[in-house]
Amino acid sequence: MNRMSTEGNKAPQFDICILEELTQLTLLDLCHACAAQEQQISELVEIGVLEPKGREPAQWSFDGVNLHRARVALRLQRDLEVDLAGAALALTLLDEIASLRRRLNTLGDLVP
Amino acid sequence: MEFKDYYKILGVERDVTQDEIKRAYRKLARQYHPDVSKEKDAEARFKELGEAYEVLKDVGKRASYDQLGASYKGGQEFRPPPDWGTGFGFRGDGSAGDATDYSDFFSSLFGQHFRQGRARRPPPQGKGEDHHAKVSISLEDAYAGTTRAITLSVPTLDAGGHVSTVDRVLNVSIPKGIREGQHIRLSGQGGPSAGASAGDLYLEVEIQPHPYYRVEGRDVYLDLPITPWEAALGATVKVPTLGGTVEIKVPEGSSSGRKMRLKARGLPGNPPGDGYVILNIAIPPANTEQAKALYRKMEQEMSFNPRAGMGV
């Protein structure tokens, strides 16, 4: 995380960081960033969508990729009225589609 | 403001049952969900669907909306009737979409407080709400880093208790080596909080497709056209990379598809990505008499059958 200042003296200063390079989000951080309850996050851990380090919820530490996965899973659950297991399945398939697209792109078949 | 035809948005007739409304919404929501759909206007369509469903799934709100009659058409100029909304009870228990984005049309019919939509749970520790937005940059900017002015519409309460939005501009420096789909967190730039610290702002990075580079992770791929004689005889050729022009040695006897690695010529990082050049032999057009004569000479003097391995 680096302290940066924006152009000009009047602009506010704030800390920026690349989320995916973070490794130590706590359960509370994750709940907050997803506007979710601990119960929902625990459920996502149980069905394997999120993979924290640490055994007990109090020691859980999530990396930044988990935040993105949690947000997508919760959005799918809410907006499509499916349960978390259904959202998890959709997420797995979306990941697979994304990796296939990347692969296609590398092969040069998908250049617009 | 414009009248919104919620039935048309859901693609149903005005006399359908509640079950049919639910079915129509669910089907379209799967089709246009921004996390699932690749369609360009998916986000806008999905918001519209959420708003239509929010009204039509609730028998009370639907009855109210139906009171406006079928005489209005989508997009038509609309003003709510003076006696609007009397005798109906609304419940703000919406769950579809992001209710904060509902249209003015919706707010004029169902009140400002519905704009807050589903009751947002008070964030733990009293910290302000986190906000999320997208930022789109070029591959060159991702390579070198850049500064972007991000304009945020911030809802505020005016003296009369009405919600209005104020534009706030942030100059965000985007670190070099950022990749597609990564998120930049700006601490304290999200929703404010009375007493406690403000929420954070998350920017999802989108990298615009490049006319000739392709990116996978931190590696950058380039299809490099070469001439048949460069491929056959070997040559030193210039190659563009994000960090500037470099020269590579095309080995003698190269064929199309040959991949060559340019170490650490990809996106910066720890470790940095590599560049990959994929050779692609371009055939000179036979569009002059001289060029045709050269091809004919090759035909006569070179014994070359590219289909020899196929037994023909």
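Q: What makes a residue buried, partly exposed or exposed here?
A: A residue is buried if 20 or more other C-beta atoms, placed from the backbone, lie within 10 Å of its own, exposed if 12 or fewer do, and partly exposed in between.

Q: And the ground rules?
A: This is a predicted model, in which local features need pLDDT of at least 70 and side-chain atom pairs count only at pLDDT 80 or more, while totals for chains, interfaces and linings use all residues. Residues are numbered from 1 along each chain as its sequence is written, and chains are lettered from A and ligands numbered from 1 in the order in which they are written.

Q: How many helices and strands does chain B have?
A: Chain B has eight helices and eleven strands, taken as DSSP runs (H or I, at least four residues, for helices; E, at least two, for strands) and numbered from the N terminus. Of the 312 residues in chain B, 24% are buried.

Q: Which residues of helix 4 of chain B are buried?
A: In helix 4 of chain B, which spans residues 59-67, the residues B:Lys61, B:Ser64 and B:Tyr65 are buried. They sit on the same side of that helix because they cover an arc of only 95° around its axis, the arc being that of the directions from the helix axis to the C-beta atoms.

Q: What covers them?
A: The cover includes helix 1 (6-10), helix 3 (42-56) and helix 5 (104-110) of chain B. On the face of helix 4 of chain B turned away from the buried side, the exposed residues are B:Val59 and B:Ala63.

Q: Staying with helix 3 of chain B, how exposed is B:Lys47?
A: B:Lys47, which belongs to helix 3 of chain B, is partly exposed, because 19 other C-beta atoms lie within 10 Å.

Q: New topic: where is the cis peptide bond?
A: A cis peptide bond joins B:Asn270 and B:Pro271, with omega about 0°, and B:Pro271 is placed in the loop between strand 10 (259-262) and strand 11 (275-281) of chain B.

Q: Which residue of that loop has a positive phi without being a glycine?
A: In the loop between strand 10 and strand 11 of chain B, B:Ala264 has a positive phi of about 60° although it is not a glycine. B:Ala264 counts as partly exposed because it has 14 C-beta neighbours inside 10 Å.

Q: And what about A:Ala35?
A: A:Ala35, also not a glycine, has a positive phi of about 50° and is placed in the loop between helix 1 and helix 2 (38-46) of chain A. With 16 C-beta neighbours inside 10 Å, A:Ala35 is partly exposed.

Methods: Two residues are in contact if their C-beta atoms, placed from the backbone, lie within 7 Å.
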